Amino acid sequence: MLEVWTDGAMRPIKIKAKKHESFGHSSIGIIIKKNGEVIKKISDYVGILDNNQAEYKAFIEALKIVLEMEENEVIFYTDSNLLEKQMNNKYGSYSEKINPYYLEAKKFLYMIPNYKIVLIPRGANRETDALTKKVLNDMNL
């Protein structure tokens, strides 16, 4: 069984009139393990997004990689409450900002025969979180 850990990060953009906005420079981190061994680590800058969009970007990129690997059994680990609830059909998606990501993720998810999406505490996702932070730090953002 494949284990996939995803995370998205966002650093707010400073604006004169406000301390920060709810969007900013964003990055993703993905760690893929098979039989307990790390087989792939991915991190990348993904543009100006809000935190939920960054979380979805990471998840969608992970889905694409899993589909390329032709894996049939996958456990996804995320610390995003919204993503986990929406992907497990506990919440719908009613946000114009999130809907395109939600629909794309669902489209890819349905192509995986056997999957599970597990919500984990932020502290349990430290290694993936470190990948996202490194991208932003390396870019001095």
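## Exercises on a predicted model

In this predicted model, Tyr 101, Tyr 102, Ala 105, Lys 106, Phe 108 and Leu 109 of helix H3 are buried.

**Exercise 1.** Find how the buried residues of H3 are arranged about the helix axis.

*Solution.* 
- Start with the geometry of a helix. An α-helix makes a turn every 3.6 residues, so residues three or four places apart point the same way.
- Now look down the axis of H3. The buried residues fall within an arc of 165°, so they line one face of the helix.
- Turn to the face directed away from the buried side. It carries the exposed residues Pro 100 and Leu 103.
- Finish with the packing partners. The buried residues of H3 pack against S3, H1, S4, H2 and strand S5 (114-119).

**Exercise 2.** Classify Lys 107 as buried, partly exposed or exposed.

*Solution.* 
- Lys 107 lies in helix H3.
- Take its relative accessible area, 48%.
- Apply the cut-offs: under 20% is buried, over 50% is exposed, and partly exposed is in between. Lys 107 is therefore partly exposed.
- Leu 82 is 25 residues from Lys 107 along the chain, and their C-alpha atoms are separated by 17 Å.

**Exercise 3.** Determine which elements build the largest nonpolar core.

*Solution.* 
- Begin with the members. The core holds 27 residues. Those touching the most other members are Val 4, Ile 30, Tyr 56, Phe 59, Leu 63, Phe 76 and Met 87.
- Two or more residues come from each of strands S1 (2-12), S2 (24-34), S3 (37-49) and S4 (73-78), and from each of helices H1 (51-69), H2 (81-87) and H3 (99-109).
- H1 gives the largest, with eight residues.
- Follow one member. Beyond residues up to four places away in sequence, Leu 63 touches Phe 76, Ala 105, Phe 108, Leu 109 and Ile 112.
- Look for a separate core. A second one has six residues, including Trp 5, Ile 31, Ile 75 and Ile 120.

Notes: Residues numbered from 1 in each chain as written. Predicted model: local features only at pLDDT ≥ 70, side-chain atom pairs only at ≥ 80, totals over all residues. Heavy atoms only, no water. Core = buried A, V, L, I, M, F, W, Y, C linked by side-chain atoms within 4.5 Å. Buried < 20%, exposed > 50% of the residue type's maximum accessible area, 1.4 Å probe, protein only. Helix = DSSP H or I, 4+ residues; strand = E, 2+ residues; numbered from the N terminus. Contact = heavy atoms within 4.5 Å. Arc of directions from axis to C-beta.
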